[in-house]
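Please open the structure in a viewer and follow the selections below in order. Each stop names what to select and then describes what is found there.

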Amino acid sequence: MTAVPDAGVRFARGLQVLQDLGHERSEVLERLERIAPDLAWHLVAFGYGDIQGRPGLDLKSRSLVSLCTLAALGATETQVALDAKSALAAGWRTEELVEALMQVALHAGFPRALDALEALRREKESKDEG
Amino acid sequence: MNAHRSEPACGVAQPNPRFDRGLEVLGHRDAADALKRLRDLGEIAPDFAAYFVEYALGDIAGRPGLDLKVRALLAVAVLAALGVSADQLAGEIRHALVLGWSRAELIELMTQLSVYAGYPVAIRGLEVLADVAPGED
């Protein structure tokens, strides 16, 4: 049986994954930490550390799973844009993300794919300008 | 451009009845708004914009069996219930108004949606409707 990692290790691993996905700690967490610090902690330690930080599927693949799931669920534009940014940082090209989101239209309907593509377009636009 | 598509998206070089039928359906819309959104989509996903016109509008919305006015009401109901972006919902509401539904009828629709999708969905739908079609109230 493997040793259970302590809380600090889990959190640190989560921060590392966030960084690998192109996010500075403050950018993602600052607002959430202000209103719900415990939730922010769990998001990093569990969401990014325990789950996304697992071996077995590389981070690049995971970022595509995240983006398409959020798109299919109808997450807000901010959330989709954040995960689009992660996916680009993980090495996907915009054209590949467009392909994936086109397939989302098949499984979740056109409206959700359209919203996600609009979020991606705006993310790309702000990146091109920045 | 995707090699699977033989013609440029949204700029048809060869005869393409599916695309034409889609444009015809689009022609019934509040065209300026719909075309702006289609152009935005074409910027990042030109093939998808073409699929949208050919398939969603031409093949499906353009079918006989239900008229466009009824389809527009369905679209407003489903988009409101799905909770898609206000931009998309507003576009469909404009479309429904253009096709002859009244503001009062759309308010009635949102009221019925509260039963199937909950009050938050109905209230948000009414807010978007109020932005698109400000009334006396």
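**First stop: two neighbouring helices**

The crossing of helix 4 of chain A and helix 5 of chain A is left-handed; a crossing is called left-handed if the near helix is turned anticlockwise from the far one by less than a right angle, and right-handed if clockwise. Helices are DSSP runs (H or I, at least four residues), numbered from the N terminus. The model is predicted: local features need pLDDT of at least 70 and side-chain atom pairs count only at pLDDT 80 or more, while totals for chains, interfaces and linings use all residues. Residues are numbered from 1 along each chain as its sequence is written, and chains are lettered from A in the order in which they are written.

Select residues 59-73 for helix 4 of chain A and residues 77-89 for helix 5 of chain A: their axes are 9 Å apart and the packing angle is about 160°. Axes are lines fitted to C-alpha atoms over the stretch in contact, and angles run from 0 to 180 degrees between N-to-C directions. Helix 4 of chain A is therefore roughly antiparallel to helix 5 of chain A (angles under 35 degrees count as roughly parallel, over 145 as roughly antiparallel, 65 to 115 as roughly perpendicular and the rest as oblique).

Now display the side chains in this contact, among them A:L64, A:L67 and A:L70 of helix 4 of chain A and A:V80, A:A84 and A:A87 of helix 5 of chain A. Residues are in contact if their C-beta atoms, placed from the backbone, lie within 7 Å. The contact residues of these two helices comprise 7 nonpolar, 4 polar and 1 charged (Ala, Val, Leu, Ile, Met, Phe, Trp, Tyr, Cys and Pro are nonpolar; Asp, Glu, Lys and Arg are charged; the others, Gly among them, are polar).

**Third stop: the chain interface**

Show chain B: 14 of its residues are in contact with 14 residues of chain A. Helix 7 of chain A gives the largest share of chain A's side, 10 residues. By class, that side has 7 nonpolar, 1 polar and 6 charged residues.

Conventions:
Two residues are in contact if their C-beta atoms, placed from the backbone, lie within 7 Å.
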